[in-house]
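Colleague: Could you take me through this model, beginning with the overall fold and then turning to local detail?

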Amino acid sequence: PPTQRMIAAGFNKFKNPNLKEAYAFFTNGGTFDGAHDAAADVSACRKVYEGILAWQAKQANQPLNLDE
């Protein structure tokens, strides 16, 4: 969804999250340092990916197995 700042500017369409926003969502408000550093970005992407998998497992009422 659009942010408050976007709404104030008249932009009310869907917005894909950036990595920082997705990371915060899937880690319950967590933040990560080192944005635009390859290792930090890969680590953040992995946590977002694992968060997506956990969300999908929860929606399907199945346990999450990250060893697959």
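Predicted model: local features only at pLDDT ≥ 70, side-chain atom pairs only at ≥ 80, totals over all residues.

Colleague: Understood. How many helices and strands does the protein chain have?

Modeller: The protein chain has three helices and zero strands, and along the sequence the pattern reads α-α-α.

Colleague: Why is the protein chain described as more spread out than a compact globule?

Modeller: Its radius of gyration is 15 Å, whereas the globule rule gives 11 Å for 68 residues; the value is well over that, so the chain is more spread out than a compact globule. The C-alpha atoms fill a box of roughly 45 × 30 × 15 Å along the principal axes.

Colleague: And what percentage of the residues is buried?

Modeller: Buried residues account for 13% of the 68 residues. Of the contacts between residues at least 6 apart in sequence, 22% join residues at least 24 apart.

Colleague: How far apart are the mean positions of the positive and negative charges?

Modeller: There are 7 positive and 7 negative charges, and their mean positions lie 12 Å apart.

Colleague: Now the local detail. Which residue caps the N-terminal end of helix 2?

Modeller: That residue is Asn18, which has a side-chain oxygen 3.1 Å from the backbone nitrogen of Lys20. Helix 2 itself spans residues 19-26.

Colleague: What follows helix 2?

Modeller: Asn28 follows helix 2, and the phi of Asn28 is positive, near 55°.

Definitions and conventions
Residues numbered from 1 in each chain as written. Heavy atoms only, no water. Polar contact = N/O pair within 3.5 Å; in protein donor to acceptor, adjacent residues only side chain to side chain. Helix = DSSP H or I, 4+ residues; strand = E, 2+ residues; numbered from the N terminus. Rg over C-alpha atoms; globule rule 2.2 N^0.38 Å. Buried < 20%, exposed > 50% of the residue type's maximum accessible area, 1.4 Å probe, protein only. Contact = heavy atoms within 4.5 Å. Lys, Arg positive; Asp, Glu negative; His and termini not counted. Charge placed at Lys NZ, Arg CZ, Asp CG, Glu CD.
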